[in-house]
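Hi,

Here is the structure I promised to pass on. My notes on it follow below.

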Amino acid sequence: YRKLVDPSILGKSSIQLELVLNFVLFTSREGFRLALTQQIVNENSGTSVLTIPISILLSLLAAFWNTYRTESADDDRRLAGYLYLISAVIEMLAEPIVVFNLQKLSVAEKASAESIGVLVKTLSTVLLLQTFTWQVTAFGVSQIIYATTYCVILYGNLLWKRDHLS
């Protein structure tokens, strides 16, 4: 039996990096989601695009924090932090579609995108942990894979619906 990842590495990725990621995502989108789903008016749907520049700004601020907080000897964690923040921006690119689906009370698309994203992230994490020397970075790359998968599936579903329902 071979241990796939050291518990300290798992702690760095699952506690520290997930905290930063969730801070950026929550702060960028939850207020908009609440406001835009409480008042379901089609004119409001474009407002959800504002979450993208907000997430970029928060990610940049968190990147500066990550740069100065991370010890210079811990390049693995620093790079992983940047990857997590990039994944937050990628995930936020899908936020206008998520809000649109919430306004239409259609949650199946988001649920399927998240489910497939988690499956792909899990598989990629296991594979990357076996091949990467920098294990915390493996978690960062897997997070980008999740965000990209999530975003692509949501946009793909929207395009498929548009092409098949019109």
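Which residues make the nonpolar surface patch of about 480 Å²? That patch is made by I56, L60, F64 and Y68. Patches here consist of residues with over 30% relative accessible area and no salt bridge, with nonpolar side chains (Val, Leu, Ile, Met, Phe, Trp, Tyr) joined within 5 Å; a salt bridge is a side-chain nitrogen of Lys or Arg within 4 Å of a carboxyl oxygen of Asp or Glu. Areas are Shrake-Rupley with a 1.4 Å probe.

Before going on: this is a predicted model, where local features need pLDDT of at least 70 and side-chain atom pairs count only at pLDDT 80 or more, while totals for chains, interfaces and linings use all residues. Residues are numbered from 1 along each chain as its sequence is written, and side-chain values use heavy atoms, leaving out hydrogens and water.

I56 is found in helix α2 (helices are DSSP runs of H or I, at least four residues, numbered from the N terminus). I56 counts as partly exposed because its relative accessibility is 37%; buried means under 20%, exposed over 50%, and partly exposed in between.

Lastly, helix α4 covers residues 95–103, and seven of its nine residues are buried. Just after α4, L105 takes a positive phi of about 55 degrees.

Cheers

Terms used: Buried < 20%, exposed > 50% of the residue type's maximum accessible area, 1.4 Å probe, protein only. Helix = DSSP H or I, 4+ residues; strand = E, 2+ residues; numbered from the N terminus. Patch = residues over 30% accessible without salt bridge, like charges linked within 9 Å, V, L, I, M, F, W, Y side chains within 5 Å.
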